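This report looks at pockets and at one helix pairing. Please keep the sequence and the coordinates at hand while reading.

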Amino acid sequence: MSKVFVTDHPLIQHKLSYIRDKNTGTKDFRDLVEEVAMLMAYEITRDLSLSEQTIETPVCEATVKKIAGKKLGIIPILRAGLGMVDGVLRLIPAAKVGHIGLYRDPETLEPVEYYCKLPTDVEERELIVIDPMLATGGSAVAAIQFLKDRGAQNIKLMCLIAAPEGIEKVQKHHDDVDIYVAAVDEKLNKKGYIVPGLGDAGDRLFGTK
């Protein structure tokens with residue numbers, strides 16, 4: 001069974017309170033989402049392996065530790081996932097970025113892929129799928145499956161806020177994918193919104209309705 005990691009650092013929780021606030025404007029919302037994504041990236045990369053290398057400091061030769069050449073990929077789910085990309089890249093600027101676009105079929109209610117552009121070597125990369133909200137879990141489950149269908153083997157999911165229903169669905173379909181969130185909320189309402197949540201993340205990021 002995959003694990004769920006709640007990054008409850010005080011800075012993350014403080015910023016998340018403003019992200020939730022309906023009075024937070026588009027610019028501040030966008031900046032805060034980027035900042036929280038950067039802080040969460042610190043946690044999600046905690047288990048990256050290190051190798052020792054020798055360098056020259058201004059004083060002497062020293063043995064230091066550097067990330068051991070692991071290839072990383074960031075995969076935002078369009079469109080709201082775009083709001084988290086720059087924050088993650090600030091910590092891991094060498095990561096490649098792919099994009100997955102999904103929409104919900106009005107008849108079947110199932111996610112349908114309308115866009116997918118990925119690094120050519122996804123099977124060799126540790127991939128981080130990012131989306132601010134894990135609500136029903138449908139989009140996340142579909143995006144992860146699309147990656148696996150293209151050969152990806154090492155995948156993590158990072159969201160700001162999750163509903164228990166979404167977590168359960170991801171774990172049911174992808175029990176090898178660990179989930180990183182800043183908060184697990186109470187439930188979904190009848191419209192599929194997370195309660196208390198933050199509303200529609202895409203609309204709040206881009207100023208649309």
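## Largest pocket

In this predicted model, the largest pocket holds about 810 Å³ of space, a pocket being an open set of points on a 1 Å grid over the protein atoms alone where a 1.4 Å probe fits, with protein on both sides within 12 Å along at least five of seven lines, and lining residues having an atom within 4 Å of a point. Of its 32 lining residues, Arg104, Asp131, Ala135, Ser139 and Asp200 are the closest to the centre. Elements giving two or more residues to this lining include β4 (72–78), β10 (154–162) and α4 (138–149). By class, the lining has 19 nonpolar, eight polar and five charged residues.

## Second largest pocket

The second largest pocket has a volume of about 150 Å³, and its lining consists of Thr7, Asp8, His9, Leu11, Ile12, Leu39, Tyr42 and Glu43. Helix α2 provides the largest share, three residues.

## Helices α1 and α2

The axes of α1 (residues 10–20) and α2 (residues 26–44) come within 9 Å and cross at roughly 155°, which means that α1 is roughly antiparallel to α2 (angles over 145 degrees count as such). Their crossing is left-handed, and the contact (heavy atoms within 4.5 Å) involves, among others, Leu11 and Ile12 of α1 and Leu39 of α2.

## Basis of the values

Residues are numbered from 1 along each chain as its sequence is written. Local features need pLDDT of at least 70, side-chain atom pairs count only at pLDDT 80 or more, and totals for chains, interfaces and linings use all residues, while side-chain values use heavy atoms, with hydrogens and water left out.

Key. Axes are lines fitted to C-alpha atoms, for helices over the stretch in contact, and angles run from 0 to 180 degrees between N-to-C directions. Helices (H or I, at least four residues) and strands (E, at least two) are DSSP runs, numbered from the N terminus. Angles under 35 degrees count as roughly parallel, over 145 as roughly antiparallel, 65 to 115 as roughly perpendicular and the rest as oblique. A crossing is left-handed if the near helix is turned anticlockwise from the far one by less than a right angle, and right-handed if clockwise. Grid points are joined across faces, edges and corners, and a volume is the space filled by probe spheres set on the points. Ala, Val, Leu, Ile, Met, Phe, Trp, Tyr, Cys and Pro count as nonpolar, Asp, Glu, Lys and Arg as charged, and the others, Gly among them, as polar.
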